[in-house]
Amino acid sequence: MRKRISAAAGLAALALTATACAGGGTSTPKSDTSNGGAAAGGKTSGSGTELAVPTGPVTITFEEAMTIGTLKPAMDKLVADFQAKYPNITVKLQGEPDYATMYTKEKAEVQAGNAPTIGQAYESWASYFQGSGVLTPISELAGTDTPASMSTFYKGIQEDMKLPDGKTWMWPFNKSVLILFYNADLMAKDGQSEPKTWDDYAGVMKAVSKDGVTGSTIDPGSATAAAFGTQWFEILAKANGATLYDKDGTPHLSDAGVVKALQYMKDLKDANALATGKNYPGETALGAQKGMFDISSAAGYGFENKTVGGKFKLGITALPSGPAGAANELTGTNIVVFKSASAEQKAAAWAFLKFITSPEEQAGWAATSGYLPVTGQALDQPALKDFIAKNPYETAAVSELDTAFALPGFSWIFKCQGYEATAIQEALENGKQPADALNTAQSACAAAKAQG
Amino acid sequence: MTTATQASPAAAAPTRPARRGAARDFRATRWGWAYSAPAVLVFLAFVIVPTGYTFYVSLWKWNALNPALSKFKGLGNYRRLWESTQPSFLSSLWHSLYFTGAMVLGGTAISLALALLLQRGGALLNGTRVAVFLPHATPVIATSMIWTWIFNYKFGLADWVLHSLHLPTSQWLQSSSSAMPAVVIYSLWHEVGFTTVVFLGGLAMLSDELSEAARVDGCSAWQEFWHVTWHQLKPVTVFVVAITAITSLQAFTQFYQLAAGGPAYATTTLSYLVYEEAFVFSDTGYGAALAVVLFAITVFFTLVRRRTATGESHALV
């Protein structure tokens, strides 16, 4: 068997070289059969000793997608501050235009035996990398699975750093939650007020949907990518008291609370208070004064503000709550450390990870990028205090980081979110009954779980 | 003299087979192999080996990041073709055939009509030829992005035009029923320039004598087109149909950019599904199985076409 695999690996390398198809090839990476990753019983406990900051010159590479708008200067500042403190370490950014491209690049680089030192990753991506034995656990860097600074992070963030095996494989980076942007002038004109519950929200949506204005326009996501519309659906389900997935990933997509969430969305669509689109349609509609609300990431503040362009007062508030209380979902990615990095690179990467989550850097990062600080200690920093004074919504958004949920970190959850998005499309666009659409999603997700 | 005249062909006769034999011998020599080796190697490396390797991968639950962790599944990935529901293999196949049929019928008819309209010369018509061909010269990814906005049902140009003409508007890419027609419209816009030029080339080579004779014999314009012009264009038409069918089966970029296979898998073709499974979901073995099936379908259509094509039309493709 090993021989056949080696032969296949050779063929793979030849095929990849020949086709120069870095993104689509299946070439042989630096296969590690001795470890086989954590899934195969790899080394997951640390040596007990934290890696020291290297003293000699080291270059680490960072595959990231913070390349547009305010994100790029925020990213550049993090790196500049780090390199000023550690002049012997060079952080080479490998910027990508979007997450999908970044993930494709990361996989191609690993396959080609040229993985970056660190890279942004969603939980399900990290699960795929970990299952393939190409990640370094945090314990190998920090000497413990629960580094001291981790305890200062918000509880939701702490949970999000682990994979289902219970071990810490990721370090938090650009985290956020969803918030509600709205046209404050239009709301005042229509005699409406900020909705506190999802029932209120439906009432306002229907009341303002007239004269060419639609309550809100969402991107329901697609089979290959969840969008804010998908996450809104998940939040509604949680606010109804539903459990979308057990910790072991068992899906409950056809449970009553989940069906109720989709029925809620369908009712709004049927009442012409909700529309669907692509490419941040809520932001576009809000900016064009064709939409009242946009449910988006708190990190989207800069983009929303730019789209509105001072045409009206942009209102911002926390998401309404449901029968089971307030619910919100984490957005954004974490950072993973790839196993192929040298010992010096891993040590430098660990220094970088700790540095960017320090209260000082988190304050600057949050104020510039719009993402939320992962540690409450950042709120005491002058840079973030100034930002919060101008943007009071930040306090409410940050407070949800303790309770915000993330879907279980299995690689196939990515597929299941696609099935959720398809169910939303079926119900909103094709008139399918929510229960039927979600039954289909449930079956497909259960099959994906069985496939592993 | 007579003898000499007769002797000449007799003398030439044995030399012809000798030359053919020499040519065959040369191809069989080391030099023959040496001269053809670069092309053969490139073909092997770029086509044969990856194709065979894809089939090999299709037999595994393949871990592209660490092949050592791959698990042999035999024909398991092919069985999944019939078990999968989101989307089903058959629905994706149907979408591929729907798109291919629309492109072959629509593309051939429109490009033939355009070629007939533009075949006469003149500055205006030459300028129009350039305008018709221009979309084909643009990158699919870039123009697809623009058409995403043209098809936007709130702010897009397409609905604005329909609304201005008091015609019913459409949800275009947002609706399962109109998404595939929207992709076909874009693809026709992008592709007919090329096939129009092919038809124009064919028309330029036609003999005027047959048309003149047909007109003298009292043929109507339609009869002349049907029995004379298009009949002579048969080899070109076969080429256009074959090339359009093959490129349509392999079309990917517009599906990726315009609709991402949606909504609700309405534009998920086999090509798109291969990408989705292999490169988005990293289900490389299953994606490879889909690619093998797509390959088999393309080969099937090519063989059917070769069986049905004869004579000059066969020589073109």
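1. **What we are looking at.** Keep in mind that this is a predicted model. Chain A has 18 helices and eleven strands. Of its 452 residues, 55% count as buried. If you take the contacts in chain A between residues at least 6 apart in sequence, 74% of them join residues at least 24 apart.

2. **The five-stranded sheet in chain A.** There is an open sheet here with strand order S8-S7-S9-S6-S10, and the pairing is mixed. Its edges are S8 (274-276) and S10 (314-317), each of which pairs on one side only. On average, neighbouring strands are turned by 30° against each other, ignoring direction. Helix H8 (residues 198-208) of chain A packs on this sheet and touches S7, S8 and S9 (291-297). The direction of H8 makes about 110° with that of S7(A).

3. Strand S7 of chain A, residues 214-218, pairs with S8(A) in the parallel sense, over three bridges. If you want a residue pair to look for on screen, Ser216(A) has Leu274(A) of S8(A) as its bridge partner.

4. S10(A) has Leu314(A) and Ile316(A) on a covered face, with Gly315(A) and Thr317(A) on an uncovered one.

5. Ser254(A) sits in the loop between helices H9 (228-239) and H10 (256-270) of chain A. Leaving out residues up to four places away in sequence, Ser254(A) touches Val259(A), Ala435(A), Leu438(A), Asn439(A) and Gln442(A). Gln442(A) is 188 residues from Ser254(A) in sequence, yet their C-alpha atoms are 6.1 Å apart.

6. In soluble globular proteins, nonpolar side chains tend to be buried together. The largest nonpolar core in this model has 172 residues, and Leu262(A) and Val336(A) have the most contacts inside it. Helix H17 of chain A (residues 413-429) gives the most to this core, with nine residues. Apart from it lies another core of 14 residues, including Leu112(B), Val192(B), Leu233(B) and Val240(B). As for Val336(A), its contacts beyond four places in sequence are Ile118(A), Gly119(A), Ala121(A), Ala126(A), Phe129(A), Leu135(A), Trp169(A) and Met170(A).

7. **A helix crossing in chain B.** The axes of H6 (residues 123-137) and H9 (residues 176-204) of chain B come within 7 Å and cross at roughly 120°. That angle is why H6(B) counts as oblique to H9(B). H6(B) passes H9(B) in a left-handed crossing. On the H6(B) side the contact is made by Val132(B), Phe133(B), Leu134(B), Pro135(B) and His136(B). H9(B) contributes several residues, among them Trp189(B), Phe194(B) and Val197(B).

8. Which peptide bond is cis? The one from Gly262(B) to Pro263(B), with omega near -5°. Pro263(B) is in the loop between helices H13 (253-259) and H14 (270-280) of chain B, and Ala264(B) lies in that loop too. Ala264(B) is not a glycine, but has a positive phi of about 50°. It counts as buried because it has 28 C-beta neighbours inside 10 Å. His166(B), also not a glycine, has a positive phi of about 60°. His166(B) lies in the loop between H8 (157-164) and H9 of chain B, and counts as exposed because there are 6 C-beta neighbours inside 10 Å.

9. **Arg307(B).** This residue belongs to helix H15 (residues 284-308) of chain B. With 9 C-beta neighbours inside 10 Å, Arg307(B) counts as exposed. Leu273(B) is 34 residues away along the chain, and the two C-alpha atoms are separated by 29 Å.

Methods: Residues numbered from 1 in each chain as written. Chains lettered and ligands numbered in written order. Predicted model: local features only at pLDDT ≥ 70, side-chain atom pairs only at ≥ 80, totals over all residues. Helix = DSSP H or I, 4+ residues; strand = E, 2+ residues; numbered from the N terminus. Contact = placed C-beta atoms within 7 Å. Pairing = 2+ DSSP bridges. Axes fitted to C-alpha atoms, helices over the stretch in contact; angles between N-to-C directions. Core = buried A, V, L, I, M, F, W, Y, C linked by C-beta atoms within 7 Å. Buried ≥ 20, exposed ≤ 12 C-beta atoms within 10 Å, placed from the backbone. Parallel < 35°, antiparallel > 145°, perpendicular 65-115°, else oblique. Left-handed = near helix turned anticlockwise from the far one by under 90°.
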